[in-house]
Amino acid sequence: YYITNNLSSSLKKTVSPAAFNVMTELNWGETLWDQWDRVQEHTDHGLDFTKKCQDFVRDRIKVEIDYAKSLRGLKKRYKLKNIEDDTANFSTIKAYNVFLAQLDLIARDHEIVAEGLQEKVAERLKAVHKETTNNRKNLCNTANQLQHEYKEWQVSLERNQQKYEKAAKRSRCGRSSFCSSKRRYERDQGSSRKVAITDELQTRPDGEI
């Protein structure tokens with residue numbers, strides 16, 4: 001349910017309304033009840049993508065932090081030392097110091113980006129991935145159990161169907177035998193009656209009706 005809701009929300013933002021309506025007409029539990037392998041593969045891809053995003057954000061944070069450290073190290077290495085008072089007032093020296101000071105601001109901006117990604121993105125992605133993985137694991141266990149029960153029901157159904165077909169065949173054979181016996185009985189009864197009538201006529205005196 002959680003995966004489906006997230007998928008629907010993502011689709012709604014990325015595809016046209018018409019395409020979204022067509023795609024959401026398929027219900028995982030009803031329309032695709034016999035497509036468990038495809039559903040499992042689909043959710044696998046979703047988890048892989050979430051993990052890929054998680055790794056990307058982690059590496060992006062590392063790059064931002066490393067870049068900020070590199071800028072601060074660059075400023076430290078090229079900071080002017082032992083400058084005389086009259087030299088420090090030169091416009092070129094002032095401009096150079098301003099340029100170095102800007103490295104601190106740029107470094108701080110990258111640190112802010114890294115902190116924001118860590119707090120607002122990385123932690124959330126980690127929680128979503130963990131929750132989704134656990135939900136999927138539980139759903140997969142339930143689905144596998146249902147698949148196993150479904151296969152057992154199929155085997156039981158086939159076994160009972162074979163028993164029914166054998167019983168039906170015996171029933172048809174018995175009915176056919178019964179009908180044949182009944183016809184023979186009726187035929188024998190008819191013959192016996194004719195013989196009895198003939199014998200009776202033969203035993204009567206001439207002219208008696």
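The side chains of Asp104 and Arg72 meet in a salt bridge, with N and O 3.1 Å apart; the term denotes a side-chain nitrogen of Lys or Arg within 4 Å of a carboxyl oxygen of Asp or Glu. This pair links distant parts of the chain, since Asp104 lies in helix α5 and Arg72 in helix α3, 32 residues apart. Asp104 is partly exposed because its relative accessibility is 25%, and Arg72 counts as partly exposed at 32%. Here buried means under 20% relative accessible area, exposed means over 50%, and partly exposed lies in between (1.4 Å probe, protein chains only). Both residues belong to a network of salt bridges that also includes Lys75, Arg108, Glu111 and Glu115.

## Basis of the model

The model is predicted, so local features need pLDDT of at least 70 and side-chain atom pairs count only at pLDDT 80 or more, whereas totals for chains, interfaces and linings use all residues. Residues are numbered from 1 along each chain as its sequence is written, and side-chain values use heavy atoms, with hydrogens and water left out.

## Overall architecture

The protein has five helices and zero strands, and its pattern along the sequence is α-α-α-α-α. Helices (H or I, at least four residues) and strands (E, at least two) are DSSP runs, numbered from the N terminus. Helix α3 has 42 residues and reaches 61 Å from its first C-alpha to its last, close to the 62 Å expected at 1.5 Å a residue; the expected span is 1.5 Å times one less than the number of residues.

Of the 209 residues of the protein, 14% count as buried. In α3, the buried residues include Trp36, Val39, Leu47, Val57, Ile61 and Leu71.

## The nonpolar core

The largest nonpolar core consists of six residues: Val57, Ile61, Ala114, Leu117, Ala122 and Leu125. Such a core is a set of buried Ala, Val, Leu, Ile, Met, Phe, Trp, Tyr and Cys residues joined through side-chain atoms within 4.5 Å. Helices α3 (36-77) and α5 (91-203) each supply at least two of its residues, and the largest share, four residues, comes from α5. Apart from this core lies another, of five residues, among them Ala68, Leu100, Leu103 and Ala107.

Leu117 is located in helix α5 and counts as buried because its relative accessibility is 17%. Leu117 and Val57 are 60 residues apart in sequence, yet 7.0 Å apart in space, C-alpha to C-alpha. Not counting residues up to four places away in sequence, Leu117 touches Val57, Arg60, Ile61 and Ala122, where contact means heavy atoms within 4.5 Å.

## Salt bridges within helix α3

A search of the whole structure finds 11 salt bridges. In one of them, Lys62 and Asp66 meet at 3.0 Å, N to O; being four residues apart in helix α3, they are separated by about one helical turn. Lys62 is exposed, with a relative accessible area of 51%, whereas Asp66 is partly exposed at 33%.

Asp55 forms a salt bridge with Arg58, and the closest N and O atoms are 3.4 Å apart. These residues are three places apart in α3 and are therefore separated by about one helical turn. An α-helix has 3.6 residues a turn, so residues three or four places apart point the same way.

## Cysteines

The structure contains zero disulfides, a disulfide being a pair of cysteine sulfur atoms within 2.5 Å. Cys140 is buried at 8% relative accessibility, while Cys173 is partly exposed at 43%.
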